[in-house]
Amino acid sequence: MSKAKLSFEQSLKRLDEIVHMLEKGDAPLKDSLKMFEEGTSLVSACDAMLAEAEQKVVKLKKGPEGTPVELPFEDAERYEL
């Protein structure tokens with residue numbers, strides 16, 4: 001499965017698998033380096049997905065009746081949530 005197509009949850013699961021395999025220490029150095037590279041790529045992808053989700057959350061502000069109102073992202077910075 002391509003890393004670019006993995007969901008956040010799938011990426012975390014794969015990252016957990018990589019950590020467990022590396023902690024065992026059974027893999028040859030070449031394989032360990034490949035897993036480490038894959039892991040760092042997954043961490044970056046998860047970080048990007050979290051940043052995107054955070055931006056979506058920050059864009060929401062409660063309206064006058066308590067219902068959420070979506071704001072342009074740059075306007076959301078003016079409000080404390």
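## A walk through a predicted helical model

Ser 32 counts as buried because its relative accessibility is 18%, where buried means under 20% relative accessible area and exposed over 50%, with partly exposed in between (1.4 Å probe, protein chains only). This residue is found in helix α2, helices being DSSP runs of H or I with at least four residues, numbered from the N terminus. The side chain of Ser 32 reaches the backbone oxygen of Ala 27 at 3.5 Å, and, not counting residues up to four places away in sequence, Ser 32 touches Leu 22 and Ala 27, a contact being heavy atoms within 4.5 Å.

The model is predicted, with local features needing pLDDT of at least 70 and side-chain atom pairs counting only at pLDDT 80 or more, while totals for chains, interfaces and linings use all residues. Residues are numbered from 1 along each chain as its sequence is written, and side-chain values use heavy atoms, with hydrogens and water left out. The protein averages a pLDDT of 83, and 75% of the residues score at least 70, pLDDT being the predictor's confidence in each residue, from 0 to 100. Among the elements of the protein, α1 has the highest mean pLDDT (96), whereas helix α3, residues 73–76, has the lowest (56). Where pLDDT is low, the predicted coordinates should not be read in detail.

Seen down the axis of α1, its buried residues fall within an arc of 60°, so they line one face of the helix; the arc is that of the directions from the helix axis to the C-beta atoms. Buried in α1 are Ser 11, Leu 15 and Ile 18, while the face turned away from this buried side carries the exposed residues Glu 9, Lys 13, Glu 23 and Lys 24. Just after α1, Gly 25 takes a positive phi of about 75°.

Ser 11 is buried, with a relative accessible area of 0%, and, leaving aside neighbours within four places in sequence, Ser 11 is in contact with Leu 6, Leu 42, Cys 46 and Met 49.

The largest nonpolar core has 5 residues, namely Leu 6, Leu 15, Ile 18, Met 35 and Leu 42, and α1 (8–24) and α2 (29–58) each supply at least two residues of this core. Such a core is a set of buried Ala, Val, Leu, Ile, Met, Phe, Trp, Tyr and Cys residues joined through side-chain atoms within 4.5 Å.

Note on methods. Polar contact = N/O pair within 3.5 Å; in protein donor to acceptor, adjacent residues only side chain to side chain.
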